[in-house]
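Have the sequence and the structure open while you read.

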Amino acid sequence: MSPRSARRRSGVGRLPSLLIVLGCLGLALFVVPLAGLLGRVPWSDLPELLTSDVVTDALRLSLIASVSATAISLVVGVPLAWLLARVEFWGRSLVRGIVTLPLVLPPVVGGAALLFALGRRGLVGEPIGELTGLLLPFSTWGVIVATTFVAMPFLVITVEGALRNMDLRFEGAAATLGAKRWTVMRRVTMPMIAPSLVAGLVLTWARAFGEFGATVTFAGNLQGRTQTLPLAVFVALESERDTAVAISLLMVVVSLVVLIALKDRWWKAL
Amino acid sequence: MEGAVAPSGLEVDLTIRRSDLFQLRLDLVIPAGTTVALLGPNGAGKSTAVAAIAGLLPIDAGLITLNGVVLDDPRSDVFVPADERSVGVVFQDYLLFPHLSVLENVAFGLRTRRMPREQALARTRNWLERLGLGSLERRKPGDLSGGQAQRVALARALVTEPDLLLLDEPLSALDVTTRTELRHTLAEHLDAFAGPRLLITHDPTEAFLLGDDIHVIENGAVTQSGTADDIRLRPRTQYAADLAGANLISGTASAGRVDTGSQTVRIADDEINGAVLLTIHPTAISIHNDRIGGSPRNSWRTTVERVELLGTRVRLRTGQPLQLTVELTEAARAEMALTTGSTVWVAVKATEIGVQADHVETGADDRAVDAVPGPTA
């Protein structure tokens, strides 16, 4: 194809080579580490490594924690997003800031804060412990709480944005057709923001699946109880490098499968 | 209930303050079987009126009753919300639910009112057939043409058999051909609907053809009410005159003469005195190269300020002493070689000038007078 016809086809002139070079450089930053990882994979030992107790325990825990965090986010995060998007109240900007804080806060700081609040001697943890005997730190529940803390903001901001952008007149139209508030929510609002909701849930799950800092700080690192895949990688790096590489590969594969399964329309909804 | 409340029909007397700058005042009575058209430019407050009557926006003062039942009365703190009113609405842009099929959209209002599924679907299909939409029931709104979407919206509003029908710019999203076609469909269904109907539009043709009564609304207030002929032949504001294509002039009448401030105009009625509004249709004015005598004609010399070609017809704007829009054939214009800047004689028969007293009406007359002096609105 001659440059002339290329220009005609794109309508805005030739592809600028500088952009291509810089874009490829950006891509390299993601591809090279992946290649490095793949280069170190002990392919023949892989089945054995991945079926070890450490790995299966961590995988089970990671799946439980990430799916639970996503489910909790759905149950409490969507109503929170709705309140932020639809109800005007004093201090709304402050609330929105607090909700999105975990996005920028180092997860270790989040974990420490959770420990001060929900730990054995914590602000809320102590009365809860005395009343129910439930101790969040160093338990699987603690992993779920820490993971939810870090991941839920992804769902809240995605859904809030969608609720803000939605044309409110559709809800009015539903009301004139006899729909009560709850019916409007169920049959009109939620279906209309469904693409954003799905995108938000997947992002939340992906963030939860990879959570490390808050979990290790708040819940510790006990195999079978609080040691998720990222924690297992960190431990294995010290002593059994092959196991670390195998777990890393597992996480890359699981995450990629989910992210690629996100259809274009859901990316658009972000 | 005290007072004379019509047994069937809509009565609206409302004030809504949207901001310090905008307030809507509306006083309407729509008997059952009657179509009232609310005609006005964008931003006049028409959609606010729809929201208030549909129950999506509480009024600040006044009273809304439908068939004698109070829907909104701030004084006694009564407000029936939208989902409890029996009002069918065809919204501007239709607002069909994009995720539901045509069938589900139309059945929506029946299902929310707990009609059993089979019965709701049967009734929905019946309405879809009636509107020629039978083959489209599986389609999503995104796959419909404008005309089809409009009919789906109409079916959705009518299927619940509401007590009142509200139509907010029902045809404005359509192209010209479809609009003409659907205007007939709409007229049929309006006629078939037994309750009161309120049509909101900015299109005078729509209002004139579909409305039994027309209220012209500008800046949040009704500036003129009447039949299509009242508005067309005796417009009271510049906006209404522009809609009708007429010239509107204010002045003071005395013994068959009206002083407009810059010109004295003879009129046929020599009984009327005081403030008057004159209407002169563009085709009632003739243009000549020389002065013409005889008969009770008004005639004065002026210049052509603007020439506008409209196919075989031409619209001229004449200058001082009295700015008028004049319509003539292109042939006549060519024969007189009229162009911008030509000096001409304008003539109007006194009998061709509509005269109405500029008295206070519906409390909105201050707006009417405000709107008059400017030659262009």
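pLDDT is the predictor's confidence in each residue, on a scale from 0 to 100. This is a predicted model, so local features need pLDDT of at least 70 and side-chain atom pairs count only at pLDDT 80 or more, while totals for chains, interfaces and linings use all residues. Residues are numbered from 1 along each chain as its sequence is written, and chains are lettered from A and ligands numbered from 1 in the order in which they are written.

Let's start with confidence. Chain B averages a pLDDT of 83, and 92% of its residues score at least 70. Within chain B, β7(B) has the highest confidence at 95, and helix α10 (residues 365-371) the lowest, with a mean of 38. Helices here are DSSP runs of H or I with at least four residues, strands are runs of E with at least two, and both are numbered from the N terminus. Treat two stretches of chain B with care: pLDDT is below 50 over residues 1-6, which have 8 contacts in the model beyond near neighbours in sequence, and also below 50 over residues 360-377, which have 26 such contacts. A contact means that the C-beta atoms of two residues, placed from the backbone, lie within 7 Å. As for the whole model, it scores ipTM 0.76 and pTM 0.75.

Here are the two chains side by side. A residue counts as buried if 20 or more other C-beta atoms lie within 10 Å of its own, again with C-beta atoms placed from the backbone.

| Property | Chain A | Chain B |
|---|---|---|
| Helices and strands | 15 helices, 0 strands | 10 helices, 21 strands |
| C-alpha box along the principal axes | roughly 60 × 60 × 30 Å | roughly 80 × 50 × 35 Å |
| Buried residues | 35% of 270 residues | 42% of 377 residues |

Two strands pair if DSSP finds at least two bridges between them. β4 (residues 61-66) and β5 (residues 69-73) of chain B pair in the antiparallel sense over 3 bridges, with Leu66(B) opposite Val69(B). Their hairpin has 2 residues between the strands, and Asn67(B) in the turn has a positive phi of about 50 degrees. β5(B) also pairs antiparallel with β6 (residues 78-79) of chain B, over 2 bridges, and Asp72(B) stands opposite Phe79(B) there. That hairpin has 4 residues between its strands, and Asp77(B) takes a positive phi near 60 degrees.

Now for the insides. A nonpolar core is a set of buried Ala, Val, Leu, Ile, Met, Phe, Trp, Tyr and Cys residues joined through C-beta atoms within 7 Å. The largest one has 107 residues, and Leu38(B), Ala153(B) and Leu278(B) are among those that touch the most other members. Helix α4 (residues 146-158) of chain B gives this core its largest share, 7 residues. Domain 1 (9-230) and domain 2 (234-371) of chain B each contribute at least three residues; the domain bounds come from an automatic or database domain assignment. Leaving out residues up to four places away in sequence, Leu278(B) touches several residues, including Ile249(B), Val258(B) and Ile353(B). A second, separate core of 51 residues includes Phe149(A), Leu197(A), Phe209(A) and Phe218(A).

Finally, where the chains meet, the contact takes 14 residues from chain A and 15 residues from chain B. On the chain B side, α2(B) supplies the largest share, 3 residues.

Note on methods:
A residue is buried if 20 or more other C-beta atoms lie within 10 Å of its own, exposed if 12 or fewer, and partly exposed in between; C-beta atoms are placed from the backbone.
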